[in-house]
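Me: Hi! I have a new chain open on my screen and I'd like to walk through it with you. Can we start with whatever term I'll need for reading the helices?

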Amino acid sequence: MQESTSSTEIGKVSLRVPSLRYFTLEEAEELIKTLRPKLRVLQRTAQEVLERRKQIEHLLRNGSSHHCISSLKSYQEELQSAARHLELQWQRISQEVASLHQLGIVVRSIALGLVDFPSIVHGREIYFCWNVEEPTILYWHPVDGGFHCRLLLESLFEATWAIKSAQKAPAAV
């Protein structure tokens, strides 16, 4: 089996994970039924992480304004609580993304709910590209292209039809 690598952006961290398998379009479409709710949870958790990080940044910026001991203690407790909560949310995100990668799914953007399914079509490695807002898989792109290179699936299958038709056509005399 060929192995490819991919990366997932979570905030400013990039995780590189080997793709464990190639999907048929049918296999990928079957997975989106269970993937959609998981991505929605990931999106909410990622949003909470961003909000928690803003809270921590706010506490850090305004922390020096605490002058009395009781305020300082309360400030430190609030900061520690926010940091613990942030760490737990980060761990949940990391674990869920890792479990999706173990299935062979490439999570491209949690915020956008964007994933790729590695596939091989006509001997060429491609990605079936799906966004959580889309009803089904509608796009694909080459491995060396990204979201901006997405093409409608019908273009992939038109190429398949053209190749099969050319192979069946009688030789010109």
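This is a predicted model: local features need pLDDT of at least 70, side-chain atom pairs count only at pLDDT 80 or more; totals for chains, interfaces and linings use all residues.

Me: How many residues does α1 have, and how far does α1 reach?

Reply: α1 has 38 residues, and from its first C-alpha to its last it reaches 52 Å. That is close to the 56 Å expected at 1.5 Å a residue.

Me: Which residues of α1 are buried?

Reply: Among them are Leu25, Ala28, Ile32, Leu35, Leu39, Leu42 and Ala46. Gln43 and Thr45 are on the buried list too. Here's a handy rule: an α-helix has 3.6 residues a turn, so residues three or four places apart point the same way.

Me: And leucine 50, buried or partly exposed?

Reply: Leucine 50, which is found in helix α1, is partly exposed, because its relative accessible area is 37%, and buried means under 20%.

Me: Let's zoom out. How many helices and strands are there in the chain?

Reply: The chain has three helices and seven strands. Read along the sequence, their pattern is β-β-α-α-β-β-β-β-β-α. Of the 173 residues, 36% count as buried.

Me: Back to details. Where does histidine 101 lie?

Reply: Histidine 101 lies in helix α2, which covers residues 69-102. Histidine 101 counts as buried because its relative accessible area is 3%. A polar atom of its side chain lies 3.5 Å from the backbone nitrogen of valine 107.

Me: What about strands β3 and β4, in which sense do they pair?

Reply: β3 (residues 106-109) and β4 (residues 114-121) pair in the antiparallel sense, over three bridges. Serine 109 stands opposite leucine 114 in β4. The two strands form a hairpin with four residues between them.

Me: Which residue in that turn has a positive phi?

Reply: Glycine 113 does, with a phi of about 65 degrees. Histidine 122 has a positive phi as well, near 55 degrees, and it is a residue other than glycine. For background, most residues other than glycine have a negative phi.

Me: Where is histidine 122 found?

Reply: Histidine 122 is found in the loop between β4 and β5. With a relative accessibility of 44%, histidine 122 counts as partly exposed.

Me: New topic: rings! How many aromatic pairs does the structure hold?

Reply: The structure holds one aromatic pair. The ring centres of phenylalanine 23 and phenylalanine 117 are 5.3 Å apart and the ring planes are at 85 degrees, so the pair is edge-to-face. This pair links distant parts of the chain, 94 residues apart: phenylalanine 23 is in the loop between β2 and α1, while phenylalanine 117 is in strand β4.

Me: Are those two phenylalanines buried or exposed?

Reply: Both phenylalanine 23 and phenylalanine 117 are buried.

Me: Last one: which charged ends sit over a tyrosine ring?

Reply: The charged end of arginine 108 sits over the ring of tyrosine 127, 4.9 Å from the ring centre. The charged end of arginine 150 sits over the ring of tyrosine 139, 3.8 Å from that ring's centre.

Note on methods: Residues are numbered from 1 along each chain as its sequence is written. Side-chain values use heavy atoms; hydrogens and water are left out. Buried means under 20% relative accessible area, exposed over 50%, partly exposed in between (1.4 Å probe, protein chains only). A polar contact is a pair of N or O atoms within 3.5 Å; within protein, one must be able to donate a hydrogen and the other to accept it, and residues adjacent in sequence count only if both atoms are side-chain atoms. Two strands pair if DSSP finds at least two bridges between them. Rings of Phe, Tyr and Trp (its six-membered ring) pair if their centres lie within 6.5 Å; planes under 30 degrees apart count as stacked, over 60 as edge-to-face and the rest as tilted. A charge sits over a ring if NZ of Lys or CZ of Arg is within 6 Å of the ring centre and within 35 degrees of the ring normal. The expected span of a helix is 1.5 Å times one less than its number of residues.
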